[in-house]
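Visitor: I have a structure open and would like to go through it. Can we take it step by step?

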Amino acid sequence: MRNDILQLVFLFLSLIVGAGCEELLPKVLGVGCPVLLMSALFLAARGRPSLGFLFAIAAGAVEDALSSLTPMTSVSFFLLAAVLARRTGAPWCLAALTYPCYQLWLTVWTGGLNVFTRILLSVPIGFLTAFAVGRIVLGVLRRAAIDERG
């Protein structure tokens, strides 16, 4: 019971902090840091699959709301990325390719984006964000002993 409440609070705080970081961190030619996407990847690969997939759906919905995208644009990609991260078990390798693919996904579903510039910029930004978010999320999970059995 205690572990379930801790997980729920951690996921809720991850959504709030991730959304705040995405809004407040600087954007380079319209390409921002994918904090929510990387959080969804790393949380889907760890712990119970149902919580990881629910977090991916919630993070995608928050991303749609923040970016003024049509509903389910980001949710569908975040859920697909979470399933792949869960199946492969290697979110670090998948994180390197996820953000450029997400930029391509957005270009397909929304018109008028400069796809080549966005993909070129999304590679280094995605790497840096994946490294930072992965270290922070996994470090907090380990220090808080959220997934520990006891």
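This is a predicted model: local features need pLDDT of at least 70, side-chain atom pairs count only at pLDDT 80 or more; totals for chains, interfaces and linings use all residues.

Visitor: What box do the C-alpha atoms fill?

Guide: Roughly 50 × 30 × 25 Å, taken along the principal axes.

Visitor: And what share of the residues is buried?

Guide: Buried residues make up 41% of the 150 in the chain. The accessible surface comes to about 8400 Å², and 72% of that belongs to carbon and sulfur atoms.

Visitor: Which contacts account for 69% of those with a separation of 6 or more?

Guide: Those between residues 24 or more positions apart in the chain.

Visitor: What about charges? How far apart are the mean positions of the positive and negative ones?

Guide: They are 8 Å apart, for 11 positive and 7 negative charges.

Visitor: Which residues of α4 are buried?

Guide: Thr 73, Ser 74, Val 75, Phe 77, Phe 78, Ala 81, Ala 82 and Ala 85.

Visitor: What covers them?

Guide: The cover over the buried residues of α4 includes α2 (35-45), α3 (49-67) and α5 (91-109).

Visitor: What follows α4?

Guide: Gly 89 does, and its phi is positive, near 75°.

Visitor: Which residue has a positive phi although it is not a glycine?

Guide: Leu 29 is one of them, with a phi of about 50°. Met 72 is another non-glycine with a positive phi, of about 75°. As background, most residues other than glycine have a negative phi.

Visitor: Where are Leu 29 and Met 72 found?

Guide: Leu 29 is in the loop between α1 (2-24) and α2. Met 72 is in the loop between α3 and α4.

Visitor: Is Leu 29 buried or exposed?

Guide: Leu 29 is exposed, with a relative accessible area of 67%. Met 72 also counts as exposed, at 52% relative accessibility.

Visitor: Back to α2. Is Leu 41 buried or exposed?

Guide: Leu 41, which is found in helix α2, is buried, with a relative accessible area of 0%.

Visitor: What does Leu 41 touch?

Guide: Not counting residues up to four places away in sequence, Leu 41 touches Ala 81, Ala 82, Ala 85, Pro 91, Leu 94, Ala 95 and Thr 98.

Visitor: What about Phe 42? Where does it lie?

Guide: Phe 42 lies in helix α2 and is buried, with a relative accessible area of 1%. Leaving out residues up to four places away in sequence, its contacts include Pro 91, Trp 92, Ala 130 and Val 137.

Visitor: How far apart are Phe 42 and Val 137?

Guide: They are 95 residues apart in sequence and 7.4 Å apart in space, C-alpha to C-alpha.

Visitor: Now α6. Is Thr 129 buried or exposed?

Guide: Thr 129, in helix α6, counts as buried at 6% relative accessibility. Leaving aside neighbours within four places in sequence, Thr 129 is in contact with Cys 33, Pro 34, Val 35, Met 38 and Gly 134.

Visitor: And how does Ile 119 count?

Guide: Ile 119 counts as partly exposed, at 25% relative accessibility. The place of Ile 119 is in helix α6, residues 115-144.

Visitor: What does Ile 119 touch?

Guide: Pro 100, Gln 103 and Leu 104, not counting residues up to four places away in sequence.

Terms used:
Residues are numbered from 1 along each chain as its sequence is written. Side-chain values use heavy atoms; hydrogens and water are left out. Buried means under 20% relative accessible area, exposed over 50%, partly exposed in between (1.4 Å probe, protein chains only). Helices (H or I, at least four residues) and strands (E, at least two) are DSSP runs, numbered from the N terminus. Contact means heavy atoms within 4.5 Å. Accessible areas come from the Shrake-Rupley method with a 1.4 Å probe; for residues, only the protein chains shown count as cover. Lys and Arg count as positive and Asp and Glu as negative; His and the chain ends are not counted. The place of a charge is taken as NZ of Lys, CZ of Arg, CG of Asp or CD of Glu.
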